Amino acid sequence: MVYGPQDIFVKEHEALGLTIEWLVLGAQKNSLEPILVTLQPGGKTEVYPPHAGEEYGYVLSGGVTIMLGSRRYKARKGASFHYEASEPHYLLNSGRTPARVLWISTPPSF
């Protein structure tokens with residue numbers, strides 16, 4: 001299936017400095033869910049509780065810190081990350097420019 005710009009659903013969370021774009025129409029019923037996350041400087045995602053599944057991200061621009069339990073990992077443009085979602089986790093942008101991340105979750109959790 002091919003999806004175009006007309007199929008993208010966008011949700012902005014101004015208080016978090018976060019924009020999420022769902023790239024595949026109805027992905028929540030599939031086994032994986034790709035989204036595009038834009039974090040403004042100082043922005044962060046919600047803290048997601050532990051759940052079954054895995055998450056993968058690719059940093060398209062800027063840089064993010066991946067918070068996984070009590071550990072921190074930095075990823076900059078061109079880097080990717082992957083983890084089991086068995087601990088609380090979230091992304092934050094502590095840089096000075098917006099960060100964009102292609103984030104894929106299985107099973108869907110956004």
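A polar contact is a pair of N or O atoms within 3.5 Å; within protein, one must be able to donate a hydrogen and the other to accept it. In this predicted model, such a contact joins the side chains of histidine 89 and glutamate 55, at 3.1 Å.

Histidine 89 lies in strand S8. Its relative accessibility is 0%. Buried means under 20% relative accessible area, so histidine 89 counts as buried. Beyond its neighbours within four places in sequence, histidine 89 touches several residues, among them Glu46, Val47, Tyr48, Pro49 and His51. Its contacts also include Glu55, Met67, Leu68 and Tyr83.

Met67 and Leu68 belong to strand S5, and they point opposite ways from that strand. S5 spans residues 63–68. Six of its six residues are buried, so the strand is largely enclosed by the rest of the structure. In a regular strand the side chains alternate between the two faces of the sheet. In S5, Gly63, Thr65 and Met67 point one way. Val64, Ile66 and Leu68 point the other way.

S5 pairs with two strands, S6 and S8. The pairing with S6, residues 71–76, is antiparallel and has six bridges. Valine 64 has alanine 75 of S6 as its bridge partner. Together S5 and S6 make a hairpin, with two residues between them. Glycine 69 sits in the turn and has a positive phi of about 65°.

S8 covers residues 89–92 and also runs antiparallel to S5. Four bridges join these strands. Across this pairing, threonine 65 stands opposite leucine 92.

Conventions. Residues are numbered from 1 along each chain as its sequence is written. This is a predicted model: local features need pLDDT of at least 70, side-chain atom pairs count only at pLDDT 80 or more; totals for chains, interfaces and linings use all residues. Side-chain values use heavy atoms; hydrogens and water are left out. Buried means under 20% relative accessible area, exposed over 50%, partly exposed in between (1.4 Å probe, protein chains only). Two strands pair if DSSP finds at least two bridges between them. Contact means heavy atoms within 4.5 Å.
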